[in-house]
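Dear colleague,

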Amino acid sequence: MRNLVNLLQRYRRILIPIETLALVFCVFMLLRSSDDNENASDMPELDGDYAYVCIQIVEIDLENYNVRGEVIDFEDVSLSGVNVGLLTVGSTGFIDLSGMNGPFYSFFKLMSEGQVYVVSYADKGQTDFPIEAVSFENMTNFRERVTATNGIEETMDESFMEDSDVLDELTGVSEADQEEAGSVEITAPDKADVMAMREIVLDGMSEEDAEHLCSLMKEADTKMESLIIYDNFFSRLSDPDDLKWNYFDESGEIQIGWATGDDEQTIQEIMSQEGLTETEYYEKYGNKVVAENKYSAEEFAQLLEEIQGSVLNEALKNDLQQIIDEARLAAETHDVEHAEKLYYLLHDMDYILLNYRLDTEGQYVKDKSTISKYYGVLSVYD
């Protein structure tokens with residue numbers, strides 16, 4: 001991990017602004033790379049001087065560079081060959097991130113309450129918080145490291161690329177949906193074409209309005225892609241009653257889940273013994289997991305309508321109207337298809353029209369299948 005941080009530090013001037021998805025995905029893919037087997041040595045050993053614990057983030061303290069998390073079960077991960085920490089499931093406390101400097105800070109800023117990570121720390125036999133983090137990784141990467149350590153013969157890259165569920169989450173669209181949309185073979189316009197089209201669609205707008213539009217699209221796309229990659233966003237939204245829909249319904253501090261120290265078997269036993277529904281169980285025994293949400297879907301739509309009034313290009317107006325409509329439909333119906341369509345529009349509008357940056361952040365992304373993905377949903381290119 002520290003080798004990765006040092007590598008990214010060398011390019012920090014180029015990776016501006018590093019808050020974007022490109023940096024996050026760069027970190028993600030570099031950790032997964034098996035081209036020269038450096039991924040195994042960059043991360044702490046699974047069965048060595050470092051202990052591992054699964055954490056759900058409860059609170060993020062940017063100023064003091066730490067997070068408060070709750071220890072949860074490792075779900076379906078086999079822990080054979082893993083030095084599991086002695087912190088008990090259900091305990092909460094602070095994780096010090098001050099030893100993880102450099103570009104990790106940008107990754108840190110993209111974290112949100114409710115997300116789940118596997119954290120390693122120097123094993124001193126401690127049974128309580130605080131702990132000093134050595135590495136943070138998502139569950140997918142941790143699971144594959146455990147699998148590789150236990151002697152499964154497929155490489156991490158191969159298993160990753162063959163895992164359709166992971167690919168669906170990263171790209172935001174399933175292979176079947178891509179084929180149905182006819183988008184598998186679509187090639188994104190090159191930089192010259194994108195820059196020329198950008199000039200056309202923004203023509204006649206004030207510099208302030210154009211910058212506001214570009215910034216808003218980048219902010220919305222980056223936020224949504226972060227949730228997709230790290231928070232199983234579309235999987236959660238497939239349930240119309242899931243609390244993740246509060247990202248569309250509300251702004252400010254929103255509830256996005258529940259945290260509890262009980263495992264699934266214990267939860268079911270308690271529900272059976274006390275005659276509780278799942279909702280009643282969490283309301284009685286759970287702790288709310290909350291996050292800050294800048295805009296509800298309706299507030300975002302109203303912002304776009306204000307900017308839309310300054311747009312002179314009819315094709316861009318139509319594309320903005322599509323975004324407005326899909327945002328409102330997603331909130332009104334809680335249908336994940338509208339959330340997915342909204343993402344495709346935001347992604348193309350951000351990367352392939354208003355904020356082209358594939359030649360800056362993009363050149364350091366090993367697998368460009370997400371950042372350079374082109375869904376072909378914008379009417380400006382018709």
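Which residues does Ser310 touch, not counting residues up to four places away in sequence? The contacts of Ser310 on that basis are Met205 and Asp209. Please note that this is a predicted model.

Ser310 itself is found in the loop that links helix H15 (297–308) to helix H16 (314–333). Its relative accessible area is 17%. Because the limit for a buried residue is under 20%, Ser310 counts as buried. A polar atom of the Ser310 side chain is placed 2.7 Å from the backbone oxygen of Ile307.

Overall composition

The chain contains 17 helices and 7 strands. It has 382 residues, of which 50% count as buried. Among contacts in the chain with a separation of 6 or more, 73% are between residues 24 or more positions apart.

The barrel

The 5 strands form a closed barrel in the order E1-E2-E3-E5-E4, and their pairing is mixed. On average, neighbouring strands of this sheet are turned by 55° against each other, direction ignored. As background, strands of a sheet pair through backbone hydrogen bonds, either parallel or antiparallel.

The individual pairings may be set out as follows.

- Strand E1 (residues 50–61) and strand E4 (residues 116–122) run antiparallel and are joined by 7 bridges; Gln56 stands opposite Val116 of E4.
- E4 and E5 also run antiparallel, with 4 bridges between them; here Ser120 faces Ser135 of E5 as its opposite residue.
- Strand E3 (residues 92–96) pairs with E5 in the parallel sense over 2 bridges; Asp96 has Glu132 as its bridge partner in E5.

Strand E5 (residues 131–137) is largely enclosed by the rest of the structure, because 6 of its 7 residues are buried.

Met43 belongs to the loop between helix H3 (38–42) and E1. Its relative accessibility is 3%, so Met43 counts as buried.

The nonpolar cores

How many residues does the largest nonpolar core have, and which of them have the most contacts inside it? This core has 50 residues, and those with the most contacts inside it are Leu213, Met224, Phe248 and Leu316. Helix H17 (residues 336–354) provides the largest share of this core, with 10 residues. Another core lies apart from it; this one has 20 residues, including Ala51, Val67, Met111 and Tyr117.

Phe248 may be taken as an example from the core of 50 residues. With neighbours within four places in sequence left aside, the contacts of Phe248 include Met224, Phe233 and Leu237. Also among them are Ser296, Ala297 and Glu298, as well as Ala327, Ala330, Ala331, Ala339 and Leu342.

With kind regards

Notes. Residues numbered from 1 in each chain as written. Predicted model: local features only at pLDDT ≥ 70, side-chain atom pairs only at ≥ 80, totals over all residues. Heavy atoms only, no water. Buried < 20%, exposed > 50% of the residue type's maximum accessible area, 1.4 Å probe, protein only. Polar contact = N/O pair within 3.5 Å; in protein donor to acceptor, adjacent residues only side chain to side chain. Contact = heavy atoms within 4.5 Å. Pairing = 2+ DSSP bridges. Axes fitted to C-alpha atoms, helices over the stretch in contact; angles between N-to-C directions. Core = buried A, V, L, I, M, F, W, Y, C linked by side-chain atoms within 4.5 Å.
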